[in-house]
Amino acid sequence: MLILLRITIGWHFHSEGSDKIRNGNWSAAPFFANAKGPYADHFQELVWDYNGMQRRDNAFIKAWFTEFVTEATDYYSFDPKRKARANAVLATAIKTHKELIASYKDDLIEYDKGMEELKGLKAQADRMEVEGRAGQVASMERDIKGKLKTAMSDVDALISGFETEINLIAAPNQLAVAPPLQLPITPTGSVVDTSIMDKYVPYFDLAIGWMLILGLFTPVASLAAAGFLATVFISQFPPGPGPTSSMYQLIEALACLVLAGTGAGRFAGLDFFMHLFVRRSVAKDASPAKA
């Protein structure tokens, strides 16, 4: 049963990692953006540009888009005519962004003020301990964040449209043989945010999957998997009922701890040979020297 448990969990991680890599557009942002419970703020802050400060900054957008045009020019080897078209698209996008942010100026000011007010309310322990008041704060938070969400959805549409337009400038034969160039997400400077997670989590899942399937370094892989799943559980605490409940992650995390505690990789796994090698090495070192 330990072998079956190890392989089943390993296959789950392997399939999740493979699917993320194959699709190429997986992001942890939607999951963490909808975090709830006492640690919701912490997890929401892990979302790239969660407060929209970068996407609101016209100077940042200008530098970001300009770098992308430069990269696209090299990638597709734009001739002078296509380079001029790309620069025209760039100028239009920067101007549109400036106008777009100006149109949402009042909403963004309300968002910034509202978030400051929320921060003060959440610091009042007595208010948050009362269920009715906590619900009022949660409702207020949804309304405030809704103002930012509306503005940023339009900015995201502008960003996506700009990326598409720049790629379409390339010659048809180039588009036929080369994958479209993607506008790279610029990290916010945080130690960890979703712009970083999105790059490494798929390969983390894949690596954990193979290690558990093969029974290689099982205690390390199992503990890493348990920690990852515990993070998912905490980000959606308290868990609700239904198929989307985070209780499933908790149960799988506890199963990973069982694998780590029992050294399940030694049963029909490569850890058997590693333990055998270590035991023989120790026994050889401990044997008395011959006269």
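Author: Start with helix H12, residues 218-235, where Thr218, Ala221, Ser222, Ala225, Ala226, Leu229, Val232, Phe233 and Ser235 are buried. Keep in mind that this is a predicted model. H12 has 18 residues and reaches 26 Å from first C-alpha to last, close to the 26 Å expected. An α-helix has 3.6 residues a turn, so residues three or four places apart point the same way. Look along the buried set with that in mind: Ala221, Ala225, Leu229 and Val232 are among its members.

Now the cores. The largest nonpolar core has 35 residues. Trp64, Phe65, Phe78, Phe162 and Ile166 have the most contacts inside it. Helices H5 (58-76), H6 (80-103), H7 (105-122) and H9 (131-168) each give two or more residues to this core. H9 supplies the largest share, nine residues. A second core is separate, with 13 residues, including Ile208, Leu229, Cys256 and Leu259. Leu229 brings us back to H12, where that residue is buried.

Aromatic rings come next. The structure holds 13 aromatic pairs. Phe31 and Phe32 form an edge-to-face pair, 5.6 Å centre to centre, with 75° between the planes. Phe31 is partly exposed at 34% relative accessibility, whereas Phe32 is buried at 9%. Trp48 and Trp64 form a tilted pair, 6.0 Å centre to centre and 55° between the planes. Trp48 lies in the loop between H3 and H4 and Trp64 in H5, so this pair ties together parts 16 residues apart in sequence. Trp48 is buried at 11% relative accessibility, and Trp64 is buried at 5%.

Asp49 lies between helix H3 (40-44) and helix H4 (53-56). Its phi is positive, about 55°, although Asp49 is not a glycine. Most residues other than glycine have a negative phi. Asp49 is buried, with a relative accessible area of 4%. Ser77, in the loop between H5 and H6, also has a positive phi, near 55°. Ser77 is exposed, at 58% relative accessibility.

The structure holds eight salt bridges. Asp156 and Arg55 meet in one of them, at 3.0 Å from N to O. This pair links distant parts of the chain, with Asp156 in H9 and Arg55 in H4, 101 residues apart. Asp156 is partly exposed at 35%, while Arg55 is buried at 9%. Arg56 meets Asp112 in a salt bridge, also listed at 3.0 Å, N to O. Asp112 lies in H7 and Arg56 in H4, so the pair ties together parts 56 residues apart in sequence. Arg56 is buried, with a relative accessible area of 13%. Lys147 and Glu110 form another salt bridge, with the closest N and O atoms 3.3 Å apart. Lys147 lies in H9 and Glu110 in H7, so parts 37 residues apart in sequence are tied together. Lys147 is partly exposed at 28%, and Glu110 is partly exposed at 41%. Salt bridges that share partners also join Glu16, Lys20 and Asp205 into one network. Lys20 has a second contact to find: it lies over the face of Trp26, 5.1 Å from the ring centre.

Conventions:
Residues are numbered from 1 along each chain as its sequence is written. This is a predicted model: local features need pLDDT of at least 70, side-chain atom pairs count only at pLDDT 80 or more; totals for chains, interfaces and linings use all residues. Side-chain values use heavy atoms; hydrogens and water are left out. A nonpolar core is a set of buried Ala, Val, Leu, Ile, Met, Phe, Trp, Tyr and Cys residues joined through side-chain atoms within 4.5 Å. Buried means under 20% relative accessible area, exposed over 50%, partly exposed in between (1.4 Å probe, protein chains only). Helices (H or I, at least four residues) and strands (E, at least two) are DSSP runs, numbered from the N terminus. The expected span of a helix is 1.5 Å times one less than its number of residues. Rings of Phe, Tyr and Trp (its six-membered ring) pair if their centres lie within 6.5 Å; planes under 30 degrees apart count as stacked, over 60 as edge-to-face and the rest as tilted. A charge sits over a ring if NZ of Lys or CZ of Arg is within 6 Å of the ring centre and within 35 degrees of the ring normal. A salt bridge is a side-chain nitrogen of Lys or Arg within 4 Å of a carboxyl oxygen of Asp or Glu.
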